[in-house]
Amino acid sequence: MDLIPLVSNLIRDGIPVMLYSGDQDTKIPLTQTRIIANMLAQNLNLTSFTKFAPWFHKKQVGGWAQSFGALKDGKNVTYLTFATVRGAAHEVPFTSPSQALTLFKAFINGTPL
């Protein structure tokens, strides 16, 4: 099932989306998730707000992330975030629960990683 149209519609409706992958995931490589994120950003004319750069968890690199968005009412609004989780496998919350919680909190609070 192709979920890309559904994700595109969510973003078009102003609903923020985070795509993430463990960097040790052997089922869905992070490169594929990153390709999808970049494709979505391009198709939706979103601007890259941040470069693909490290994010931190407990003063250590938790992974890498990039945010995309658009200008709305004079403010930058993030609509799409792609993140990797260092050392995590296919089920990130199971293999790296602490880092997953950091991702989840940042997403819910709308704060950058």
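1. Ala, Val, Leu, Ile, Met, Phe, Trp, Tyr, Cys and Pro count as nonpolar, Asp, Glu, Lys and Arg as charged, and the others, Gly among them, as polar. By that scheme, the lining of the second largest pocket has ten nonpolar, six polar and no charged residues.

2. A word on the model. It is predicted, so local features need pLDDT of at least 70 and side-chain atom pairs count only at pLDDT 80 or more, while totals for chains, interfaces and linings use all residues. Residues are numbered from 1 along each chain as its sequence is written, and side-chain values use heavy atoms, with hydrogens and water left out.

3. Now the largest pocket. A pocket is an open set of points on a 1 Å grid over the protein atoms alone, where a 1.4 Å probe fits, with protein on both sides within 12 Å along at least five of seven lines; lining residues have an atom within 4 Å of a point. Grid points are joined across faces, edges and corners, and a volume is the space filled by probe spheres set on the points. The volume here is about 350 Å³. The lining has 17 residues, and Leu19, Tyr20, Ile28, Thr33 and Ile36 lie nearest the centre. Two or more of the lining residues come from each of helix 1 (4-12), strand 1 (17-22) and helix 2 (30-43). Helices (H or I, at least four residues) and strands (E, at least two) are DSSP runs, numbered from the N terminus. Strand 1 gives the most to this lining, five residues. By class, the lining of the largest pocket holds eleven nonpolar, five polar and one charged.

4. Back to the second largest pocket. Its space is about 290 Å³. It is lined by 16 residues, and Thr78, Thr81, Ala106, Gly110 and Thr111 are the closest to its centre. Strand 1, strand 5 (75-85) and helix 4 (97-109) each supply at least two residues of this lining.

5. Next, the cores. A nonpolar core is a set of buried Ala, Val, Leu, Ile, Met, Phe, Trp, Tyr and Cys residues joined through side-chain atoms within 4.5 Å. Buried means under 20% relative accessible area, exposed over 50%, partly exposed in between (1.4 Å probe, protein chains only). The largest nonpolar core has 13 residues, of which Ile11, Val17, Leu19, Leu46 and Leu80 touch the most other members. Helix 1, strand 1, helix 2 and strand 5 each give at least two residues to this core. Another core lies apart from it, with nine residues, including Met18, Ala83, Ala88 and Val92.

6. Look at helix 1. Val7, Ser8 and Ile11 are buried there. Ser8 has 8% relative accessibility, so it counts as buried. Leaving aside neighbours within four places in sequence, Ser8 is in contact (heavy atoms within 4.5 Å) with Leu40 and Leu44. After helix 1 comes Gly14, with a positive phi near 85°.

7. Last, a loop. Lys58 lies between strand 3 (53-57) and strand 4 (60-72). Its phi is near 50°, positive in a residue other than glycine. Lys58 is exposed, at 66% relative accessible area. Lys59 is also in the loop between strand 3 and strand 4. Phi of Lys59 is near 65°, again positive in a residue other than glycine. Lys59 counts as exposed, at 83% relative accessibility.
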